[in-house]
Amino acid sequence: MSGIYNFLLITCGALILSLFMWSVPTLAQATHFLLSVFGLFISVIVVRQELGFISQTISKFCSSYNSTSCQAVINSRGARIFNYFKLSDLSLSYFGGVTLAWLLTVLFDNNDSILFLLSFLSLPITFYSIYYQYSKVKKWCLLCLGIVLVLWLQSVVAVLENINISLTEIKVDNLHILLISAFLFTSLWLLLKPLLKTYVDYKSLQLQFFKFKRNFDLFYTQYSKGLLIDTGIFHPSEITLGNENAPLQIILVTNPRCHFCKSAHTEVRKILQQNSKNIRLIIRFNLGSFDTTDSGYKVASRLIELYNKGDIPLFFEAIDEAYAEDSRLDEWLGKWGGAVDEIGIRVLNYHQSWCEDNLINFTPALFINGRQFPKEYDKSDLSYFIEDLIECEQNNSVLSEG
């Protein structure tokens, strides 16, 4: 999200800057415009901090000294106007409106006196900001002082240019451009701000949710209540991967025709790759019927046959293709062929009986050391708890041996 935001911001800024310079402005116009852009940039940073888009770099900058704190100033009562509109909103609208007005002014070759006049009219707010920070908050906001500096520099530019600013020079068209620019930018910001605030609140709520959901103690409490099944008897030819003496045994009950089994297979494969020494993975099939003409049955029996040939890398290639998101079983069978011996049928018969005995009538199903994975969690959540589960089982083994 932040990457896209930064890209759009930089691209938009580059386009505005190139469009403005294409009109060949005077030195005073260019300087005042660039200061407006810089003021807009600082205002955006202030608003981001205020909304909760916290940057560690900006936070360190704002708290460089004991006497500085941007958050204390930004969130103070004096930073609000009529308890709704904040000075940060005013700063963003001001610099955004002036930037847009400058762009329209130079493109249509209008009189720019009103824009220079605004520099002087904005000076009182700078003195108020300095006074409030010094006497009320007793903290300095470096970002706010940066905005103050920009406004002062814009006034200096107007003075050095020795522009004779008078109300008679300001035409209705010039005033219209400024008012329209300010109205458009302010309206856009007032529409956008609630959406950004909602997004920040959502991300904060999401973070709290994941902290709660990924709490291992809570997970283990639910896991301990799960259905415990008998996994002590294994068919000698069924698919068994990883370390046979691992502390953690995972049984994945799956079906090649099951759409949700694809993501479960991907998650379990990833976990096996990262923890192969501490995991024993058994893959069992629950096909629901023994229709030997069914494509799911053909794929399952062929996978069992490929596994028993002993070429594990080839088997992994085949099963990963079978459970790929875009896989089509008929095409898979066209590449890998069907089973040619009876080993797949014998293993699938065992799997079907085992599922019926343990009342497993759905896929994907996941069992860890014989206990069913909690229904309150997604299969993808297992990766967050796998290391704690391994450590927990290792500790239990040590205690039982002792």
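Does Ala 324 count as buried, partly exposed or exposed, and at what relative accessibility?

## A loop residue

This model is predicted. Ala 324 counts as partly exposed, because its relative accessibility is 23%. The cut-off for buried is under 20%, and exposed means over 50%. Ala 324 sits in the loop between helix 13 and helix 14.

In space, Ala 324 and Lys 262 are 6.3 Å apart, C-alpha to C-alpha.

Strand 4 covers residues 248-254 and pairs with strand 5, residues 279-285. The two run parallel and are joined by 7 bridges. Thr 254 has Phe 285 as its bridge partner in strand 5. Strand 4 also pairs with strand 6, residues 365-368. Here the direction is antiparallel, with 4 bridges. Ile 250 has Ile 368 as its bridge partner in strand 6.

## Strand 4 and its crossover

How many of the residues of strand 4 are buried? The count is 7 of 7. In a regular strand, side chains alternate between the two faces of the sheet. In strand 4 both faces are covered. Leu 248, Ile 250, Leu 252 and Thr 254 are buried on one side. Gln 249, Ile 251 and Val 253 are buried on the other.

Strand 4 and strand 5 also belong to a β-α-β unit. Helix 11 (residues 260-274) is the helix of this unit, which is right-handed.

## Helix 12

Helix 12 has 14 residues, 295-308. At 1.5 Å a residue it should span 20 Å. Its end C-alpha atoms are 20 Å apart, which agrees. At the start of the helix, a side-chain oxygen of Asp 294 comes to within 2.9 Å of the backbone nitrogen of Gly 296. Just after the helix, Gly 310 has a positive phi of about 90°.

Helix 12 is mostly covered, with 12 of its 14 residues buried. Among them are Tyr 297, Val 299, Leu 303, Ile 304 and Leu 306. Arg 302 and Glu 305 are buried too. What covers these buried residues? The cover includes strand 3 and strand 5. It also includes helix 13 (312-322), helix 14 (329-336) and helix 15 (343-357).

## Aromatic pairs

The model holds 19 aromatic pairs. Phe 219 and Tyr 377 form one that is edge-to-face. Their centres are 5.2 Å apart, with 85° between the planes. That angle is classed as edge-to-face because the class takes planes over 60 degrees apart.

Phe 219 lies in helix 10 (residues 216-224). Tyr 377 lies in the loop between strand 7 and helix 16 (382-401). The pair therefore ties together parts that are 158 residues apart in sequence. Both Phe 219 and Tyr 377 are buried.

Ring pairs also build a cluster. Its members are Phe 216, Phe 219, Tyr 220, Tyr 223, Phe 373, Tyr 377 and Phe 385.

Terms used
Residues numbered from 1 in each chain as written. Predicted model: local features only at pLDDT ≥ 70, side-chain atom pairs only at ≥ 80, totals over all residues. Heavy atoms only, no water. Pairing = 2+ DSSP bridges. Buried < 20%, exposed > 50% of the residue type's maximum accessible area, 1.4 Å probe, protein only. Right-handed = clockwise from strand over helix to strand, strands pointing away. Expected span 1.5 Å × (residues − 1). Contact = heavy atoms within 4.5 Å. Polar contact = N/O pair within 3.5 Å; in protein donor to acceptor, adjacent residues only side chain to side chain. Phe/Tyr/Trp six-rings, centres within 6.5 Å; stacked < 30°, edge-to-face > 60°.
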